[in-house]
Amino acid sequence: MSESATSFELYAFWRTAATYRVRVALGLKGLQAREINIDLDAGEQRSEAYLKLNPMAGLPTLIHAGHPPMTQSLAILEFLEELQPTPALLPADLHGRVRVRSIANMLAADTHPLITPRVRKYLTSTVGFDDAAWRAWQQHWFVTGLTAAEKRLASEAATGTFSHGDQPGMADICLASVVAVMQVFKIEVPNTPVIERIVQHCQQLPAFAAAAPRLQYGAPTP
Ligand SMILES: N[C@@H](CCC(=O)N[C@@H](CS)C(=O)NCC(=O)O)C(=O)O
């Protein structure tokens, strides 16, 4: 195994969508990471030690061979793509790449961050949301993001077995990450048949299957 394949440390928690994205990308590229658990339920992301790695108090953080910590899942996916270009997470053509990055951002930048623990903490402790209001908030933003992604995937010619053609890539990783976290939080997935089909294809691939939240360290036993 090459040096690059053995020298990753991933700060992770079992159910996080952003960590899922990095786990899948590492898996697709045949790379492995030693995981360090940061318990979001215990607030460990706000510990002084972790804030030195990731001042946004978010997971994941990835450290490669002693280099400075890397944060932001999409930036990490781009890093892994450059480190090890095959199998590619982005298409070969410029216009294909912007399409995939755009769909990925709809989910990872415009949808998922709205339901993170820090947002929940603020809405419940400062704004006064109760559990029902929080669930309605989660449902609203997930449905908004997935419905918009479905419209694109159903209407754009570049959609194939996966979001872009017939190879899994960055957009699929982001789609599957959002669906995975909705399942964890038991949030009903809206009627989005193209997304459902794509995510089913993803889940048949070992890298996606191995990243399933329920299989990770710290996941509750059923
Ligand atoms: N945009 C960031 C999001 C990071 C993020 O918010 N991660 C969540 C878990 S999926 C987290 O650790 N949240 C901690 C908190 O909100 O307190 C990324 O894609 O890496």
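Modeller: Before we start, a word on names: helices (H or I, at least four residues) and strands (E, at least two) are DSSP runs, numbered from the N terminus. Pro 87, for instance, sits in the loop between α4 and α5 (94-108). Please keep in mind that this is a predicted model.

Colleague: Thanks! What makes the peptide bond between Thr 86 and Pro 87 stand out?

Modeller: That bond is cis, with omega about -10°. In general, most peptide bonds are trans.

Colleague: Which residues does the other cis peptide bond join, and where is its proline?

Modeller: Leu 59 and Pro 60 are joined by a cis peptide bond, and its omega is about 5°. Pro 60 belongs to the loop between α3 (48-53) and β3 (61-64).

Colleague: Now to the helices. Why are α2 and α8 called oblique to each other?

Modeller: The axes of α2 (residues 17-28) and α8 (residues 170-184) cross at roughly 135° and come within 9 Å. Angles over 145 count as roughly antiparallel and 65 to 115 as roughly perpendicular, while the rest between those ranges is oblique. The pair is therefore oblique. As for the hand, α2 passes α8 in a right-handed crossing.

Colleague: Which residues make that contact?

Modeller: From α2 they are Ala 17, Tyr 20, Arg 21, Val 24, Ala 25 and Leu 28, and from α8 they are Ile 173, Cys 174, Ala 176, Ser 177, Ala 180 and Val 181. Sorted by class, the contact of α2 with α8 has 10 nonpolar residues, one polar and one charged.

Colleague: What makes α6 oblique to α7?

Modeller: Their packing angle is about 140°, and the axes are 10 Å apart. Roughly antiparallel needs an angle over 145, so α6 is oblique to α7. The crossing of α6 and α7 is right-handed. Val 119, Arg 120 and Leu 123 of α6 meet Asp 131, Trp 134 and Trp 137 of α7. This contact of α6 with α7 has four nonpolar, no polar and two charged residues.

Colleague: How do you know that the contact of α7 with α8 has no charged residues?

Modeller: Let us go through the pair. The axes of α7 and α8 come within 12 Å, crossing at roughly 145°, and α7 passes α8 in a left-handed crossing. The contact is made by Phe 142, Leu 146 and Leu 153 of α7 with Leu 175, Val 178, Val 181 and Met 182 of α8. Phe, Leu, Val and Met count as nonpolar, and the tally is seven nonpolar, no polar and no charged residues.

Colleague: Last topic: how many residues line the largest pocket, and which lie nearest its centre?

Modeller: The lining has 36 residues, with Gly 58, His 112, Thr 116, Pro 117 and Arg 118 nearest the centre. The volume of the largest pocket is about 830 Å³.

Colleague: Which helix gives the largest share of the lining of the largest pocket?

Modeller: That is α6, with five residues. At least two lining residues come from each of α2, α4 (73-83), α6 (117-127) and α7 (131-155). By class, the lining of the largest pocket holds 17 nonpolar, 12 polar and seven charged residues.

Terms used:
Residues are numbered from 1 along each chain as its sequence is written. This is a predicted model: local features need pLDDT of at least 70, side-chain atom pairs count only at pLDDT 80 or more; totals for chains, interfaces and linings use all residues. Side-chain values use heavy atoms; hydrogens and water are left out. Axes are lines fitted to C-alpha atoms, for helices over the stretch in contact, and angles run from 0 to 180 degrees between N-to-C directions. Angles under 35 degrees count as roughly parallel, over 145 as roughly antiparallel, 65 to 115 as roughly perpendicular and the rest as oblique. A crossing is left-handed if the near helix is turned anticlockwise from the far one by less than a right angle, and right-handed if clockwise. Contact means heavy atoms within 4.5 Å. On a 1 Å grid over the protein atoms alone, a cavity is a set of points where a 1.4 Å probe fits but cannot get out, and a pocket is an open set with protein on both sides within 12 Å along at least five of seven lines; lining residues have an atom within 4 Å of a point. Grid points are joined across faces, edges and corners, and a volume is the space filled by probe spheres set on the points.
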